[in-house]
Amino acid sequence: MARSSARPLSPHLGIYKWGPHMAVSILNRAMGVGLATVGMAALVWWLVAAATGKEAYDLFMSWASWWPGKVVAVALTFTFFLHLCAGLRHFVLDLGAGFELQTNRAWAWGTLIGAFVLTGLTWLLIIWKGL
Amino acid sequence: MGSGTGLGRVRGLGSARSGSHHWWLQRVTAMGNVVLVLWFLFALVRLPSLSHDAVTGWIHSPLNAVPLALMIINVCWHFRLGLQVVIEDYVHGGMRVLALGLLHFWTFGTGGFALYAILKIAFAGTPA
C-alpha cells in the first residue's frame with residue numbers, strides 16, 4: 001500500500017495506557033461477534049426446535065438447563081447487556097458528547113457496571129419465577 | 001487506500017461516497033435492536049413458563065410473531081454490517097474474501113431458518 005512519507009502516522013495502540021474506555025470498546029466488538037455467532041445459533045436452535053415439535057423442543061431445553069448450557073445462557077445475557085450499554089454509550093459519543101476525560105472514564109465504568117447489574121437482575125427474576 | 005491525493009482518487013480508491021451509509025445503517029439497526037431485543041427479553045421472562053406449549057402459544061399470536069420476525073431481520077442486518085467491519089479490520093487477502101462470503105451464508109442461513117420457524121408456528125401451530 002503506497003503511503004506518502006510526508007504524512008504522519010497515528011501513534012500505535014501499544015503506546016497508550018489501558019483504561020476502561022479501551023476495555024469497553026474492544027469488549028463491545030468481541031461481544032458483538034459472540035452474539036452474532038453463539039447467540040444467533042442458540043436462538044435459531046430454540047426457534048427451529050419449537051417449530052419442529054415438543055420432542056425437539058424438550059431436547060433443546062434439556063441442553064439449556066444442563067449446567068454448561070446455563071453457563072452459556074448467563075454469558076449470553078451478560079454479552080447482550082454489555083453490547084446494549086456500550087452501544088448506547090456510542091450513541092452519545094457519536095453526537096460528539098462525553099469525550100471529556102473524567103466523563104468518558106465514568107461512562108465506560110458505568111457501561112461495565114450496568115451490564116453486570118442488568119445481567120444479575122435478569123437472572124434473579126428468572127430464578128425467582130422458576131423459568 | 002486513497003491517501004487523499006489526486007492519484008488516489010484517480011485510481012478509484014478514494015471515497016466511494018457510500019462510507020457513511022454503512023455507518024448510518026449500523027446505528028439505525030442498533031436503535032431497532034434496542035427496542036426489539038429488549039421487548040423479546042421482557043416477553044420471555046413474563047411468560048408463565050418456557051414449556052413448548054407456552055412458547056408456541058406466545059409465537060402463535062400475530063402481535064408476537066411479527067415483532068419477533070422483524071427482530072430476526074434487524075438482528076441479522078445489524079450483525080451482517082458489524083461483522084463485516086470486524087473482518088475488514090483483522091482478516092486480509094484471500095481469507096477476507098472467504099470470511100465475508102461465510103458471513104453472507106451465516107446471515108441468510110440463520111435468518112432463513114429462524115423466519116421459517118416463526119412463520120410455521122404463527123400460521124399452523126405445531127402438532128403436540
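Student: How many helices and strands are there in chain A?
Tutor: Chain A has four helices and zero strands, running α-α-α-α from the N terminus on. A helix here is a DSSP run of H or I with at least four residues, a strand is a run of E with at least two, and both are numbered from the N terminus. Bear in mind that this is a predicted model, where local features need pLDDT of at least 70 and side-chain atom pairs pLDDT 80 or more, while totals for chains, interfaces and linings use all residues. Residues are numbered from 1 along each chain as its sequence is written, with chains lettered from A and ligands numbered from 1 in the order in which they are written.

Student: Why is B:Leu70 called partly exposed?
Tutor: B:Leu70, found in helix α4 of chain B, is partly exposed because 14 other C-beta atoms lie within 10 Å. Buried takes 20 or more such neighbours within 10 Å, exposed takes 12 or fewer, and partly exposed is in between, with C-beta atoms placed from the backbone. In chain A, 21% of the 131 residues count as buried.

Student: What describes the crossing of α3(A) and α4(A)?
Tutor: The axes of α3 (residues 67-94) of chain A and α4 (residues 101-129) of chain A come within 8 Å and cross at roughly 145°. Axes are lines fitted to C-alpha atoms over the stretch in contact, and angles run from 0 to 180 degrees between N-to-C directions.

Student: Which residues meet there?
Tutor: Among them are A:Phe78 and A:Phe81 in α3(A), and A:Trp107 and A:Leu118 in α4(A). Contact is C-beta atoms, placed from the backbone, within 7 Å.

Student: How many residues of chain B are in contact with chain A?
Tutor: 28 residues of chain B are in contact with 30 residues of chain A. On the chain B side, the largest share, seven residues, comes from α5(B).

Definitions and conventions: Contact = placed C-beta atoms within 7 Å.
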